[in-house]
Amino acid sequence: MARGAKAIILDNAGADATVAAVQSAKDAGIPSFLIDREIKESGIAVSQIVSNNYQGAQLGAEEFVRLMGEEGQYAELLGREADTNAGIRSSGYHDIIDQYPDLEMVAQQTANWSQTEAFTVMETMLQAHPDIKGVISGNDTMAMGAWAALEAAGRTDVIVVGFDGSNDVRDSIKAGGIKATVLQPAFRQAQLAVEQADASLRTGTTGLDEK
């Protein structure tokens, strides 16, 4: 804002944390175009471009169930508690997984979207639950941390599924490590934000709904 930006394209910090900043930009006459996650207020950002995290999580859970053979102990790594996406993805996972009585969740803990934190959390989970057969993660970054901890413990038999379709997890899947991820079109989301910012600056409107 201090540099006189005409528009702001924002992969925002969280549903609550970003509201005041986007409001400040609006008050200064600067339109904001958000990608990847929603904020809890409508009408202050010009655009909120998000994928269907609930549907994506259901797809990931279906593959997780298949890979697990519909049975066994598993753990879940949650995203940051204040982040809307964390709750939505977890709900999508459980709406599928909870239909299978032989799949038992023995541990569930946040790792705050962090690879380093996920490594530590996974180490603790393994010590407490050595018979874990699978790990489903709220994002790929935590999945990578979990997989590193599993590798270090010699537990490459554990099935890990992530979410985002990151390059790191893609490479891990190709190498026979992590088993699956949900690919969301983050690249296209960013492009759409630029296209909408351009349209808004030129014509005064994106011609589309905010979400």
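Residues are numbered from 1 along each chain as its sequence is written. Since the model is predicted, local features need pLDDT of at least 70, side-chain atom pairs count only at pLDDT 80 or more, and totals for chains, interfaces and linings use all residues.

Let's start with the whole chain. It has seven helices and seven strands, where helices (H or I, at least four residues) and strands (E, at least two) are DSSP runs numbered from the N terminus. Of its 211 residues, 45% count as buried, meaning under 20% relative accessible area with a 1.4 Å probe, protein chains only.

Now for the helix pair. Two packed helices are described by the angle between their axes and the distance between the axes. Here are the two partners:

| Helix | Residues | Residues in the contact |
|---|---|---|
| α2 | 53-68 | N53, Y54, A57, Q58, A61, E62, F64, V65 |
| α3 | 84-97 | N85, I88, R89, S91, G92, Y93, D95, I96, I97 |

Contact here means heavy atoms within 4.5 Å. The helices pack at an angle of about 40 degrees, with their axes 7 Å apart; the axes are lines fitted to C-alpha atoms over the stretch in contact, and angles run from 0 to 180 degrees between N-to-C directions. That makes α2 oblique to α3, because angles under 35 degrees count as roughly parallel, over 145 as roughly antiparallel, 65 to 115 as roughly perpendicular and the rest as oblique.

What about the buried side of α2? N53, G56, A57, G60, A61, F64, V65 and M68 are buried. The buried residues of α2 pack against α3 and also against strands β4 (72-78), β5 (103-110), β6 (134-137) and β7 (159-161).

How values were computed
Heavy atoms only, no water. Buried < 20%, exposed > 50% of the residue type's maximum accessible area, 1.4 Å probe, protein only.
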